[in-house]
Amino acid sequence: MKILVCIKQVPDMESKFKVNAQNNWFDENDLAYRINEYDEYAIEQAVQLKEQLSDVDITVLSVGPNRVKEALKKALAMGCDRAIHIEDEESYIKDSSQIASLIADFSKDKEFDIIFTGMQSQDRGSAQVGVIISELLNIACVSTIADFEYNDSITVKRELEGGLKSIIKVDTPVVLTCQLGLNTPRYPTLPNIMKAKKKELLTIDSLELSSTDSLNETLNFYYPEKSGACLILEGDTSELADKLITILKEKTSVL
Amino acid sequence: MKLLLVGEYRENKLLDVTYDLIGFADKLESEKVMVAIGYESDVPKFDGKLYLADANELGEYNPSTHKQLILDVIEKENPDLIVFIHSSFGWDLAPRVATSLKATQLTEVVEYKDNSFIVPSCNSKLRRELKSKTSKTVITIQAGAFTPLYDSVGVPEIENISISTTSDINFVGYEKAEEKGLDLTKAEIIVTAGRGVGKKDNIPIIQALADKFGGELGASRPVADNEWVDQSHQVGTTGQTVSPKLYVACGVSGAIQHLAGMKKSEFIVAINTDKDAPISEVADILVVADVLQFVPILTNKLS
Ligand SMILES: Cc1cc2nc3c(=O)[nH]c(=O)nc-3n(C[C@H](O)[C@H](O)[C@H](O)COP(=O)(O)OP(=O)(O)OC[C@H]3O[C@@H](n4cnc5c(N)ncnc54)[C@H](O)[C@@H]3O)c2cc1C
């Protein structure tokens, strides 16, 4: 079985973001990057399937600037077999359909049985790339899976709202987008980090793949104005606790 | 601008969020045209046209047939904007419809102004303002971002529609969450542990504060997913919706899906090291502090 896992590298969401000079994204300098949380579940699911079946080959792919190699290396250390870096310094400004067409163009003649992606990225939150890949490749797709089982055929649980899930059976080839809590992503062990250094990491220039024009334009990128309704308390921890207790006594009936 | 709204049903019932779509159309002063895969026994109230396909026949979740059906209505109506709710139904179908139309899709729209759309970014910390470059645009709107319109007068003119295509997935059925062991909806005080609490070993610190208040322990999703706290404590879209007198969010960033479950609390205190954490959008007080230092001191002082 051939599996493709698509991952994105995103900044730590607790970063202090600065808006870039073009006002269309954040300034990428001085940020700590990691694998998009949803994509870690995608990697883990692929690796668990490889552990379950004898003949599984996992390619992990990321579109982005040079730094995304770090994310790919971690995925290799988690158990993927080979990595593809689609190098694109401008990927931050590409829309979901452009990213998806690069991935679909790369995949079209590779006959992947399962393509795993995250349900969404933490920075863009568009929740589109996986679904669009399936549309472009004309294969089935189940989004937001919270449970995966392989038993000659695939059974997944798709998470809906309010604690409800739908149970779905689907054949390969299929795109599955992964939701939080699908599994517990492993930490790479030192021996696996060493082994990963010998695995193939191939870089392809995005210009070698066909992509479309962007379908939308970012006019502005900004911090929303604070409503002013929230009182921010800062300073010495012990004094903060006293202040908070005073306010709770004044404003609520709980103390 | 002409809109096509995509309504939502689940388990034989119209979903309430469908009225968010009607409210959105009303805000844009657009004629109201809706397409839905649902049941004639329960149709939304609005003054306009409803293209209704039978969910008994087509299935409540069937992306390939639903996509084709929506595309057929788009061809008939030629709308400029196709509007879904940002829900498990909407985010699954919107990109399929947009790709077929070669149209752009803008996800989780929270605001509309002069032909541009505002969407959240970086876990709701920042906002992006976007303009579509295609003649048709597909959007999903964030539930609760636009005032729902429940009481528009009139009943929709219904046109029944159908389609015969096969599906590439096989819907087996629904699975309901286990009976909840804990009912947080009646709690007067909830102290919630978020991922900022760091690890399972630190949960007793948060539990001690909850106990001191005589309240219940809540959890954000990663805390429940990681099994630091039982899933029945989870607050949010996929957890419980609560409205206590006091909600204390400890190391919770304030993602939309968490806010959806707790923003109706009477008084909200957030404890977070990050002054920009989006939880401040709903909190009355944001204490900028490390929970592991602050919470024990607070618990102590409360006695
Ligand atoms: C379809 C869907 C449904 C979802 N349903 C839910 C749901 O029902 N409920 C839910 O909660 N989430 C839900 N989520 C997940 C949601 O998007 C967020 O990922 C989640 O709420 C984040 O949880 P958190 O705030 O605890 O963690 P994080 O976002 O990681 O935030 C941790 C916060 O802790 C702060 N922090 C870190 N260290 C400290 C410290 N020492 N002291 C103080 N503060 C600290 C950080 O500044 C940060 O703000 C859902 C997501 C999707 C896609």
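**View 1. The buried B:Glu77 and its salt-bridge partner in a predicted model.** In this predicted model, B:Glu77 counts as buried, at 12% relative accessibility. The side chain of B:Glu77 meets that of B:Lys2 in a salt bridge, with an N to O distance of 2.7 Å. The two residues belong to distant parts of the chain, 75 residues apart, with B:Glu77 in helix 3 (residues 63-77) of chain B and B:Lys2 in the segment before strand 1 (3-6) of chain B. B:Lys2, for its part, is partly exposed, having a relative accessible area of 24%.

**View 2. The salt bridge between A:Lys8 and A:Asp123.** The side chains of A:Lys8 and A:Asp123 come together at 2.9 Å, N to O. This pair likewise links distant parts of the chain, since A:Lys8 sits in the loop between strand 1 (2-6) and strand 2 (9-11) of chain A, while A:Asp123 sits in the loop between strand 6 (114-118) and helix 4 (129-137) of chain A, 115 residues apart. With a relative accessible area of 27%, A:Lys8 is partly exposed, whereas A:Asp123 counts as buried at 3% relative accessibility.

**View 3. The salt bridge between A:Glu200 and A:Arg82.** Here the side chains meet at 3.2 Å, N to O. A:Glu200 lies in the loop between helix 5 (190-196) and strand 11 (201-205) of chain A, and A:Arg82 lies in strand 5 (residues 82-87) of chain A, so the pair ties together parts that are 118 residues apart in sequence. A:Glu200 is partly exposed, with a relative accessible area of 41%, and A:Arg82 also counts as partly exposed, at 29% relative accessibility.

**View 4. The ligand between chains A and B.** The ligand is surrounded by 32 residues, of which the closest are B:Arg195, B:Ser220, B:Thr238, B:Ser253 and B:Gln257. By class, this shell has 10 nonpolar, 17 polar and 5 charged residues.

View 5. Of the 980 Å² of accessible area that the ligand has on its own, the protein covers 93%. Helix 6 (221-225) and helix 7 (256-262) of chain B are the elements that give two or more residues to the shell around the ligand.

Terms used:
Residues numbered from 1 in each chain as written. Chains lettered and ligands numbered in written order. Predicted model: local features only at pLDDT ≥ 70, side-chain atom pairs only at ≥ 80, totals over all residues. Heavy atoms only, no water. Near = heavy atom within 4 Å. Areas by Shrake-Rupley, 256 points an atom, 1.4 Å probe, with all protein chains shown as cover. Helix = DSSP H or I, 4+ residues; strand = E, 2+ residues; numbered from the N terminus. Nonpolar A, V, L, I, M, F, W, Y, C, P; charged D, E, K, R; others polar. Salt bridge = Lys/Arg side-chain N within 4 Å of Asp/Glu carboxyl O. Buried < 20%, exposed > 50% of the residue type's maximum accessible area, 1.4 Å probe, protein only.
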